[in-house]
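Please find below a note on the model under review.

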Amino acid sequence: TSEPKVVFCDPGFFVPVRDEFNRISGMQIRYDPLPANTTQEKREKYAKYKWFASQYVEKKDGCTASGCENIHYATPLLSAPKSIILTEGVLKADIISRLGGRLKSKEPVPVIGVVGVYNTENLCFELLKMKQYGLETVYIAVDMDYREKKQVADALNNIEEIVSGTELKYKVETWNPAYKGYDDYLL
């Protein structure tokens with residue numbers, strides 16, 4: 001028999017990634033910000049989020065998103081929604097959902113999140129699956145810094161192309177840019 005392994009990692013907390021049935025399909029580690037006395041070498045390797053996966057026991061600080069779930073359902077789909085909010089990030093999607101998942105209407109809207117603004121490999125598949133059950137409109141709520149950061153603007157364009165390719169209607173949501181994310185704005 002093999003001995004049980006214990007994983008030690010830097011301070012932070014776990015963020016579950018869930019599928020449409022509310023089952024945990026993956027787990028991210030959200031690391032605490034680095035202390036001021038952190039070495040430059042560690043700063044260069046620092047990533048706020050990494051994956052916690054048993055096949056990567058030899059990597060004490062977690063692994064990249066390669067091969068892991070990259071769509072998170074912050075709201076379990078108990079019925080076929082007509083519209084959804086699509087944002088970037090698991091924790092952000094959870095916060096938006098817990099704050100009511102509302103846009104400018106009073107009705108709650110289910111929230112899904114791509115694990116990172118660039119992790120869109122399964123987005124088309126998931127949207128087409130939801131479209132089959134009645135999804136009509138996707139409200140895209142990526143961080144407002146897409147106006148200043150070319151890489152975020154490029155990622156937004158990629159998301160728009162994917163959604164457009166499914167022939168679903170979509171709208172890019174905007175809000176007061178003093179609040180970076182839609183979660184910050186709702187708070």
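The points below take up confidence, overall fold, the sheet and the nonpolar cores.

1. Basis. This is a predicted model in which local features need pLDDT of at least 70 and side-chain atom pairs count only at pLDDT 80 or more, while totals for chains, interfaces and linings use all residues. Residues are numbered from 1 along each chain as its sequence is written, and side-chain values use heavy atoms, with hydrogens and water left out.

2. Confidence. The mean pLDDT (the predictor's confidence in each residue, from 0 to 100) is 84, and 85% of the residues reach 70 or more. Strand E3 (residues 49–51) has the lowest confidence, at a mean of 79, and E8 the highest, at 96. Over residues 62–67 pLDDT stays under 50, and the model has 12 contacts beyond four places in sequence for them. Where pLDDT is low, the predicted coordinates should not be read in detail.

3. Overall fold. The protein has 5 helices and 8 strands, taken as DSSP runs (helices H or I, at least four residues; strands E, at least two) and numbered from the N terminus. Their order from the N terminus is β-β-α-β-β-β-α-β-α-β-α-β-α. Of the 187 residues, 42% count as buried, that is, under 20% relative accessible area with a 1.4 Å probe, protein chains only. Among contacts (heavy atoms within 4.5 Å) between residues at least 6 apart in sequence, 63% join residues at least 24 apart.

4. Sheet. An open sheet of 5 strands has the order E4-E6-E5-E7-E8 with mixed pairing; two strands pair if DSSP finds at least two bridges between them. Its edge strands, E4 (71–73) and E8 (169–172), each pair on one side only. E4 and E6 (residues 111–114) pair in the antiparallel sense over 3 bridges, with His-72 opposite Gly-113 in E6. Helix H3 (residues 123–132) packs on the sheet, touching E4, E5 (83–88), E6 and E7 (137–141).

5. Cores. The largest nonpolar core has 34 residues; such a core is a set of buried Ala, Val, Leu, Ile, Met, Phe, Trp, Tyr and Cys residues joined through side-chain atoms within 4.5 Å. Among the members that touch the most others are Leu-86, Leu-123 and Ile-159. Helix H4 (150–165) supplies the largest share, 6 residues. Leu-123 touches Ile-71, Leu-86, Val-114, Ile-159 and Ile-162, not counting residues up to four places away in sequence. A second, separate core of 5 residues includes Val-15, Val-17, Trp-51 and Val-115.

Note on methods:
Buried means under 20% relative accessible area, exposed over 50%, partly exposed in between (1.4 Å probe, protein chains only). Axes are lines fitted to C-alpha atoms, for helices over the stretch in contact, and angles run from 0 to 180 degrees between N-to-C directions.
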